[in-house]
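Dear colleague,

I am passing on a structure that I would like you to look over. Please find it just below, with my notes after it.

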Amino acid sequence: MAEGLRERKKRQTRQRISEVAVGLFVERGFDRVTIAEVAAAAEVSVNTLYNYYESKEDLVLPPDQASPQRLADIVRAREPGESAARAVLAHLRDELRRRDRKVGLSAGFGRVFEMMRAAPTLTARLEDLGRQTTDALGTVLAEETGAAPGDPTPRVVAGQIGWFHSLVYGEIGRRIVAGEKPDAIAAAILELLDVVEEMLSPGALAYATRPPDAAPVTASAQV
């Protein structure tokens with residue numbers, strides 16, 4: 001369905017507010033910029049800004065982009081014959097090869113990362129997001145494997161997947177701060193994922209393999 005004029009204007013306004021906000025945060029520091037200053041720079045009212053973003057942190061980490069369902073959605077969409085861990089490994093490799101902004105390899109992300117790292121509320125949000133992401137994945141693994149109540153296996157596997165997912169982002173951030181170029185970072189992280197895959201146990205790599213005759217489940221199909 002084609003995007004209507006009203007929806008397009010709302011999307012453009014939302015994007016402009018976020019871009020203006022991040023620019024101010026990078027220039028002056030997250031904690032030194034007020035919501036009122038962001039609204040003024042974006043030429044909207046404070047009330048309008050809050051209609052699009054519920055909190056200041058959402059301007060940098062919007063829930064529709066920094067979603068705790070990220071890993072769960074990747075696993076839900078895995079192909080027949082593919083396990084949960086291998087689906088996430090393949091997805092990360094694809095994002096790295098495309099230099100996807102989701103893994104922080106877009107131009108100018110280094111300054112944004114430094115700004116985020118210097119803001120306690122943003123680092124706390126990222127830590128909480130990591131926990132929620134792992135918990136959501138554990139729930140999906142338990143549902144799809146039919147694990148018995150109290151079976152720790154889905155949580156253990158989700159924890160391992162969440163760990164190497166966080167490891168990738170942490171290593172990308174470290175290399176960005178060190179001044180490495182996106183191509184060099186992507187190559188290094190692809191090698192890191194090869195090591196991760198080699199070191200994960202056969203049980204973790206094979207866990208929750210989708211049956212050959214099963215169809216991928218999209219997030220929108222979830223009740």
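Predicted model: local features only at pLDDT ≥ 70, side-chain atom pairs only at ≥ 80, totals over all residues.

Residues are numbered from 1 along each chain as its sequence is written, and side-chain values use heavy atoms, with hydrogens and water left out.

Helix α2 spans residues 35-42, helices being DSSP runs of H or I with at least four residues, numbered from the N terminus. Its buried residues are Ile35, Val38, Ala39 and Ala42, where buried means under 20% relative accessible area, exposed over 50% and partly exposed in between, with a 1.4 Å probe and protein chains only. Viewed down the axis of α2, these residues fall within an arc of 100° and so line one face of the helix, the arc being that of the directions from the helix axis to the C-beta atoms. They pack against α1 (5-28) and α3 (46-52), contact meaning heavy atoms within 4.5 Å.

Most residues other than glycine have a negative phi. Glu43, in the loop between α2 and α3, has a positive phi of about 60° and is exposed at 70% relative accessible area. Arg99, in the loop between α5 (84-97) and α6 (109-117), also has a positive phi, of about 55°, and is partly exposed at 30%.

Finally, Arg175 lies in helix α8 (residues 153-177) and counts as buried because its relative accessibility is 18%. Leaving aside residues up to four places away in sequence, Arg175 touches Glu180, Ile185, Ala188 and Ile189.

Notes. Helix = DSSP H or I, 4+ residues; strand = E, 2+ residues; numbered from the N terminus.
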